[in-house]
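Subject: Structure for you to look at

Hello,

Here is the structure I said I would pass on. Please open it first, and then read the notes below.

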Amino acid sequence: MLLHDVADRLNTVADQLPLPDQIQPDPALSEILDDEVRHLARLLGYLAGESAFRHRAAARYPTRVTATVRRTTLALAQAAEPAGAALAALGSAVHHLGLIADLTHQAPGPARTRALAAAHQSLVDRLGESHTCLARAAKHLRAAADTHTAPAVTAPPPPTTSATASRTR
């Protein structure tokens, strides 16, 4: 359940990012980036914190560590890498959006037009990269969650004769 929940959160961040044909360098995109950078930073912090917490717990209580706990901890830790890459790509997207805003205040000309086109393409590329990283992290978490086997359920022992007899009195 935990891995699916984190995967859903990563997908939510990815879903809020505009698709390549929807990317317009305007204040609305700045707001989207602001929101999603904050959400993703919190998620990355959660992944790092949860991984550290589980690592400390395993060191303190090694007898309580099960294969499922180890796989869950590893999946959370592995999701941190693409989530961090997605955050870095969003940071780069913020940079390119700022560059575009600055270029729009410069004198028109062929150099500005080329620079705007290059900055816009870089913005599109970084948002796409972020989306890809988030999708990869979510997919990995879902796969890890789906490969976990349910713990074996042991049947309760049959009641003893004395327990049965005491109930009939």
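Helices here are DSSP runs of H or I with at least four residues, strands are runs of E with at least two, and both are numbered from the N terminus. The model is predicted, so local features need pLDDT of at least 70 and side-chain atom pairs count only at pLDDT 80 or more, while totals for chains, interfaces and linings use all residues. Residues are numbered from 1 along each chain as its sequence is written, and side-chain values use heavy atoms, with hydrogens and water left out.

Overall picture

The chain has five helices and zero strands, and its elements run α-α-α-α-α from the N terminus on. Of its 169 residues, 28% are buried (buried means under 20% relative accessible area, exposed over 50%, and partly exposed in between, with a 1.4 Å probe and protein chains only). The accessible surface is about 10,500 Å², and carbon and sulfur atoms hold 60% of that; these areas come from the Shrake-Rupley method with a 1.4 Å probe, and for residues only the protein chains shown count as cover. Among contacts with a separation of 6 or more, 81% join residues 24 or more positions apart, where contact means heavy atoms within 4.5 Å.

Helices α1 and α3

The axes of α1 (residues 2–16) and α3 come within 11 Å and cross at roughly 10°. Axes are lines fitted to C-alpha atoms, for helices over the stretch in contact, and angles run from 0 to 180 degrees between N-to-C directions. The two helices are therefore roughly parallel (under 35 degrees; over 145 is roughly antiparallel, 65 to 115 roughly perpendicular, and the rest oblique). On the α1 side the contact is made by Leu 2, Leu 3, Val 6 and Leu 10, and on the α3 side by Thr 72, Ala 75, Leu 76 and Ala 83. By class, that is seven nonpolar residues, one polar and no charged. Ala, Val, Leu, Ile, Met, Phe, Trp, Tyr, Cys and Pro count as nonpolar, Asp, Glu, Lys and Arg as charged, and the others, Gly among them, as polar.

The core

A nonpolar core is a set of buried Ala, Val, Leu, Ile, Met, Phe, Trp, Tyr and Cys residues joined through side-chain atoms within 4.5 Å. The largest one has 35 residues, and Leu 10, Leu 40, Leu 123, Leu 127, Leu 134 and Leu 141 touch the most other members. At least two residues come from each of α1, α2 (27–60), α3 and α4 (110–147), with α4 giving the most, 12 residues. Leaving out residues up to four places away in sequence, Leu 141 touches Leu 3, Val 6, Ala 7, Leu 10, Ala 75, Leu 76 and Ala 79.

Single residues

His 96 lies in α3 and is buried at 12% relative accessible area. Beyond four places in sequence, its contacts are Ala 119, Ser 122, Leu 123 and Arg 126.

Arg 142, in α4, is partly exposed at 25%. Apart from residues up to four places away, Arg 142 touches His 4, Ala 7, Asp 8 and Asn 11.

Arg 71 belongs to α3 (residues 67–103) and is partly exposed at 32% relative accessibility. Arg 71 and Thr 147 are 9.4 Å apart, C-alpha to C-alpha, and 76 residues apart in sequence.

Regards
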